[in-house]
Structure formats: C-alpha cells, structure tokens
Amino acid sequence: MPSQLLEWKIATVAQIRDETSEVKSFSLLVPEWRTHRPGQHVDVRLSAPDGYQAQRSYSIASAPGPDGRVDLTVERIAEGEVSPYFHDVLVTGDEVEVRGPIGGYFVWEPAFGGPLLLIAGGSGVVPLMAILRERAAADVAASATLLYSSRNWDDVIYREELDRLATTDDRLRILHTLTRAQPPGWTGFARRIDRPMLEEALDGLGSQPLTYICGPTLLVEAAANGLVELGVDPGRIRTERFGPTS
Ligand SMILES: Cc1cc2nc3c(=O)[nH]c(=O)nc-3n(C[C@H](O)[C@H](O)[C@H](O)COP(=O)(O)OP(=O)(O)OC[C@H]3O[C@@H](n4cnc5c(N)ncnc54)[C@H](O)[C@@H]3O)c2cc1C
C-alpha cells in the first residue's frame, strides 16, 4: 500500500564506516522494512528538541536484502545542515527517522538486464553501487561499464570494492576519471566527462545500453546530451541529480 511507504519509521544506526575523508557509510536497521529496488532513495528527517526539523534524500547504497538493513553513504558538505550531522554527531545506536523506499524511475532490477552503462560524479555513485551490488549478488550476465568521475584518487568512494568487483568479473569495466589531481603513473582519464570518453565507455556495450547517470546537474546533463549525440536513444537513459548545479 503506497501510504505505508511514506510513513516515517525510526531507524537505528548499526554501523558507521569511513569511505573517504569526506564520505561515510551508515548501516541503518529499519523495522518492517519493505525491500527496495537498486536506485531508490529514502528521506531522512532529523528533529531538534525545540521541534525544528530538517529533511534530505539519500540514495540506498546496499543491494536489497531480507534483513531490514539499509546502507546510506553520505558526503560531508561544508556549511551543510544534515550531512555534517551525519558525520560529526551520529554514533552507533542513535536513531533517525526515515521513510521509503522512494522512486520508481531511477531503478534497476536484474530482470531489466543490460548491457548497462553507469555514469557517476562524486557521491552520485551511491545508487549505481546498489545496482552493481545487486548485479553481482544476482549473478546477472549482462555486461556493465561504470564511468566514474572524482576529483582525486583519494575521493573515489568504494574504491577497493569496485576494484574487487572488476577483477572478479570480466564483464564489468570500471573507468575512472580524476578531474583535479592524479597519482603518479596515472593511466586513466584526467578531465571532465566529454564525448571521446563517452565513446570509450560505450565500447563493448552495443549502441543502446541501458544507462543510469547520477551526480551534479552539470555532469548529468553533459553525459546525457553527449550520449544522445552519439546516438543513444533518450528512452534508454535515466538520470538523477544530486546537490547544486556546479
Ligand atoms: C534523490 C536524491 C538522492 C541523494 N542521495 C545522496 C547520497 O546518496 N549521498 C549524498 O551524500 N547526498 C545525496 N543527496 C544529496 C542530499 O540530499 C543533500 O542535498 C546533501 O547531503 C546536502 O545536504 P546538507 O543538509 O548537508 O546541505 P544543505 O544545508 O542542504 O546545503 C548547504 C550548502 O551546500 C550546497 N550543497 C548542497 N548539496 C551539495 C552537494 N551535493 N555538493 C556540493 N554542495 C552542495 C547547497 O547549495 C548549500 O549552499 C541526494 C539528493 C537527492 C535529491
């Protein structure tokens, strides 16, 4: 019943993990959690003792599971209201309100198959990670490529897990682009996403991959427009925008 989906529930923080210096993952235990589809998000609501409330959306990073556990991955936004609270105040055992899962468009499930082209900027990788985790858990044969733009190598979220997934699955390709600084000997891309990069990402996926793009608005628009110019049917491209327009 849709109304049940929108009920606020009290979730307990079960685990907190550092992903990068500015990004942490939070495992929440949510009572009576209806399982989600990769790509969906939850709304989180924080309430102060004086009644002030703040609410933000966070994508679900975990693959669907039977255990009522929902992983969120939150980037600390300097001067932000909710993300610094997650980083600096929340400890295991604390409670937050959540509602969801939300979203019926930016979703993927194994029956959709592929080939899959996933394009992320910064924390936009979070819902795409849920897709990759589910793809691995369900052993989906469809080829997939993740093109992932980060500022620096140390800002790459889920770096080790992505590396592990790619080395154990020859149908999965991960292309990194580092836009601000690159480590010595870097052989990946070192610029913002552009048409030649998209052409390389499309390589091996056929001309019409099922495409999910998530990140800052400018990245999402550049990638989606570039793919359409390269002949990808707009009906095969799903987009989700996080945060501001820069
Ligand atoms: C569907 C959806 C899913 C999302 N999933 C995630 C997720 O998985 N992980 C995650 O970290 N965030 C995610 N976001 C963004 C998240 O909802 C918040 O906007 C973000 O955490 C900032 O909230 P804040 O309260 O800390 O900052 P605010 O108090 O809202 O903003 C403070 C200042 O920072 C700027 N700002 C806001 N967001 C960003 C940003 N992303 N980058 C740079 N500057 C920003 C604002 O313009 C403002 O000037 C998602 C957003 C949407 C719409």
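This is a predicted model: local features need pLDDT of at least 70, side-chain atom pairs count only at pLDDT 80 or more; totals for chains, interfaces and linings use all residues.
## Around the ligand

Let's start with the ligand and its neighbours. The shell around the ligand holds 22 residues, and the nearest of them are R56, S57, Y58, V82 and S83. By class, this shell contains eight nonpolar residues, eight polar ones and six charged ones.

Some of these neighbours can be described atom by atom. The side chain of S83 places an N or O atom 2.6 Å from an oxygen atom of the ligand. The backbone takes part too: an N or O atom from the backbone of V82 is 2.7 Å from a ligand oxygen, and for the backbone of E81 the corresponding distance is 3.0 Å. On its own the ligand has 920 Å² of accessible area, and the protein covers 71% of that.

## Where the ligand sits

Which pocket holds the ligand? The ligand sits in the largest pocket. Two or more residues of the ligand shell come from each of these elements: strand β4 (53–59), strand β5 (69–75), helix α2 (82–88) and strand β11 (237–241). Strand β4 gives the largest share of the shell, with four residues.

## The largest pocket

Now for the pocket as a whole. The volume of the largest pocket is about 1200 Å³. Its lining is made up of 41 residues, and those nearest the centre are E75, G121, S123, P216 and F242. Several elements supply two or more lining residues each, namely β4, β5, α2, β8 (144–150), α6 (217–229) and β11.

Strand β4 also gives the largest share of this lining, again four residues. Sorted by class, the lining of the largest pocket has 17 polar, 14 nonpolar and 10 charged residues.

## The second largest pocket

The second largest pocket has a volume of about 240 Å³. Lining this pocket are 14 residues, with R17, E19, R133, Y158 and E161 nearest its centre. Strand β1 (9–20), strand β5 and helix α4 (159–167) each give two or more residues to this lining.

Which element gives the largest share of the lining here? That is β1, with four residues.

## Backbone features to look at

Most peptide bonds are trans, and most residues other than glycine have a negative phi. Where does the model contain cis peptide bonds? One joins G100 and P101, with omega at about 0°, and P101 belongs to strand β6 (residues 95–102). Another runs from G114 to P115, with omega near -5°. P115 is found in the loop between β6 and β7 (116–121).

E32 is also one to look at: this residue, which is not a glycine, has a positive phi near 50°. You can find E32 in the loop between β2 (23–29) and β3 (41–47).

Note on methods. Residues are numbered from 1 along each chain as its sequence is written. Side-chain values use heavy atoms; hydrogens and water are left out. A residue is near a molecule or strand if one of its heavy atoms lies within 4 Å of it. A polar contact is a pair of N or O atoms within 3.5 Å; within protein, one must be able to donate a hydrogen and the other to accept it, and residues adjacent in sequence count only if both atoms are side-chain atoms. Accessible areas come from the Shrake-Rupley method with a 1.4 Å probe; for residues, only the protein chains shown count as cover. On a 1 Å grid over the protein atoms alone, a cavity is a set of points where a 1.4 Å probe fits but cannot get out, and a pocket is an open set with protein on both sides within 12 Å along at least five of seven lines; lining residues have an atom within 4 Å of a point. A molecule sits in a cavity or pocket if more than half of its atoms lie within 2 Å of its grid points. Ala, Val, Leu, Ile, Met, Phe, Trp, Tyr, Cys and Pro count as nonpolar, Asp, Glu, Lys and Arg as charged, and the others, Gly among them, as polar. Grid points are joined across faces, edges and corners, and a volume is the space filled by probe spheres set on the points.
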